[in-house]
Amino acid sequence: MKNFITQFSRLFVGILFIISGLIKLNDPLGFSYKLEEYFSTPVFNMPFFVPFSLAIALFLVILEVVLGVMLLIGYRSKLTIWSLLLLIVMFTFLTFYSAYFDVVKDCGCFGDALHLTPWQSFSKDIILLFFILILFFNKKLIQPLFPNSIQNALAILSVVLCSFMGYWVLNHLPIVDFRPYKVGTNIKTAMEIPDNAPKSVVEMVFIYNVNGVDKEFKEKDLGALPAGAKFVDRKDKVLVQGYLPPIHDFKLELDGNDNTQQIFSKEKSLLIVAYDLEKANPAGLQKINKLYKQALANGYYVAVLTGSSKEIIEGVKKKYGFTFDFLFCDATPLKTIERANPSFVILHYGTVIQKVHYNDVDKINLNPTY
């Protein structure tokens, strides 16, 4: 019985680590954005790690997959199980911190393929910790499946393949797109809220400064405020989250006016997504004018979607000679639409027809069949 439970734990943990790691390795930039949340000032206040978020993300997801493979084949079981234990302890701490302090709403454990609440993520890690502890106390039962030479080759191959996959998706696009803006999605439809959808329950919280200290008060407590309390701010606390459409923060502005519906009304649009023009790849920006001329000749409306300031936009226009519209959009949805900066998205009446990395501009089809 002990051997059966141990081998089951081996399969369960190994397979789950491989699946979780591969999903994040499919989109390491997305996972790096999640790490940036953890490193931000409101959470762990470690902004010095932010520039290394992508490198850390790649290391962690490759480690996750490789450890899963090593566990399944029984490669260096003592080192593998110790590594798994340390990793799951770290993940458990992070998910508990997120859940208890309500800071990071989604840990990103399974990328955009499966969204878990903080407490669901914490529960998942507790279950994994339980099975890894079984492996830890029964290490001797984890035996290699193959001779040493084959074991070594499989371990090295897993590292090489994972590294290649990371390189590929960073220089092209995720192999599988789990995001709400995937090809085939009608953005307008994905933004709609059904009439019978459950509504959010929101509580207003008022912040007053009392004797030099900011304190929170509920609306019912305002009648008994301490003497000398000074109003500081008001915020809405979501007690029960209602229905949230797959796309809920997509808004395009042109010169301060909402231009979202106009985009949906156009038969053919080529949108160049660059969430931050200062960080945009210069070689990618240099390819835009040629593509713009080709798109214009094919009857396309062309615009750049960016979260950059007007000053930065004007500088980029002057540097590259851009004459088309620049639509402002918050950086968060732009990062969700596509990871490359810049990237290219073709819409047909608001439906995503094609998405292309700046390294693959030559693959854009300006005459698609709808």
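Residues are termed buried at under 20% relative accessible area, exposed at over 50%, and partly exposed in between, using a 1.4 Å probe and protein chains only. The structure is a predicted model, in which local features need pLDDT of at least 70 and side-chain atom pairs count only at pLDDT 80 or more, while totals for chains, interfaces and linings use all residues. Residues are numbered from 1 along each chain as its sequence is written, and side-chain values use heavy atoms, with hydrogens and water left out.

Along the principal axes, the C-alpha atoms fill a box of roughly 70 × 70 × 45 Å. Of the 370 residues, 45% are buried. Contacts (heavy atoms within 4.5 Å) between residues at least 6 apart in sequence join residues at least 24 apart in 73% of cases.

Helix H3 (residues 53-73) packs against helix H4 (residues 77-101) at an angle of about 135 degrees, with the axes 10 Å apart. H3 is therefore oblique to H4. Axes are lines fitted to C-alpha atoms, for helices over the stretch in contact, and angles run from 0 to 180 degrees between N-to-C directions. Angles under 35 degrees count as roughly parallel, over 145 as roughly antiparallel, 65 to 115 as roughly perpendicular, and the rest as oblique. The crossing of H3 and H4 is left-handed, a term applied where the near helix is turned anticlockwise from the far one by less than a right angle, with right-handed used if clockwise. H3 contributes Leu60, Leu63, Glu64, Leu67, Met70 and Leu71 to the contact, and H4 contributes Thr80, Ile81, Ser83, Leu84, Leu87, Met90 and Phe91. By class, the contact of H3 with H4 has ten nonpolar, two polar and one charged residues. In this classification Ala, Val, Leu, Ile, Met, Phe, Trp, Tyr, Cys and Pro are nonpolar, Asp, Glu, Lys and Arg are charged, and the others, Gly among them, are polar.

H3 also meets helix H6 (residues 148-171). The axes of H3 and H6 come within 10 Å and cross at roughly 150 degrees, so the two helices are roughly antiparallel. The crossing of H3 and H6 is right-handed. On the H3 side the contact involves Leu54, Leu58, Ile62, Val65, Val66, Val69 and Ile73, and on the H6 side Gln151, Leu154, Ser158, Val159, Cys162, Ser163, Gly166 and Leu170. The contact of H3 with H6 has eleven nonpolar, four polar and no charged residues.

Gln151 of H6 is buried, because its relative accessibility is 2%. The side chain of Gln151 reaches the backbone oxygen of Gly74 at 3.5 Å. Residues up to four places away in sequence aside, Gln151 touches Ile73, Gly74, Tyr75, Pro144, Leu145 and Phe146.

A further helix pair is formed by helix H1 (residues 2-25) and helix H5 (residues 118-137), whose axes come within 9 Å and cross at roughly 130 degrees. H1 is thus oblique to H5, and the crossing is left-handed. Ile5, Thr6, Phe8, Ser9, Arg10, Phe12, Val13, Leu16 and Phe17 of H1 meet Ile127, Leu128, Phe131, Ile132, Ile134 and Leu135 of H5. The residues of this contact divide into twelve nonpolar, two polar and one charged.

Backbone geometry was examined in the loops. Most residues other than glycine have a negative phi, and most peptide bonds are trans. Asp255 is placed in the loop between strand E4 (253-254) and strand E5 (257-258), and is exposed, with a relative accessible area of 67%. A cis peptide bond, with omega about 10 degrees, joins Asn341 and Pro342. Pro342 is found in the loop between helix H12 (331-337) and strand E9 (343-348).

Asp221 is located in the loop between strand E2 (213-218) and strand E3 (230-240) and is partly exposed, at 29% relative accessibility. The side chain of Asp221 makes a polar contact with the side chain of Lys220 (3.5 Å). A polar contact is a pair of N or O atoms within 3.5 Å; within protein, one must be able to donate a hydrogen and the other to accept it, and residues adjacent in sequence count only if both atoms are side-chain atoms. The C-alpha atoms of Asp221 and Leu87 are separated by 45 Å, the two residues being 134 residues apart along the chain.

Notes. Helices (H or I, at least four residues) and strands (E, at least two) are DSSP runs, numbered from the N terminus.
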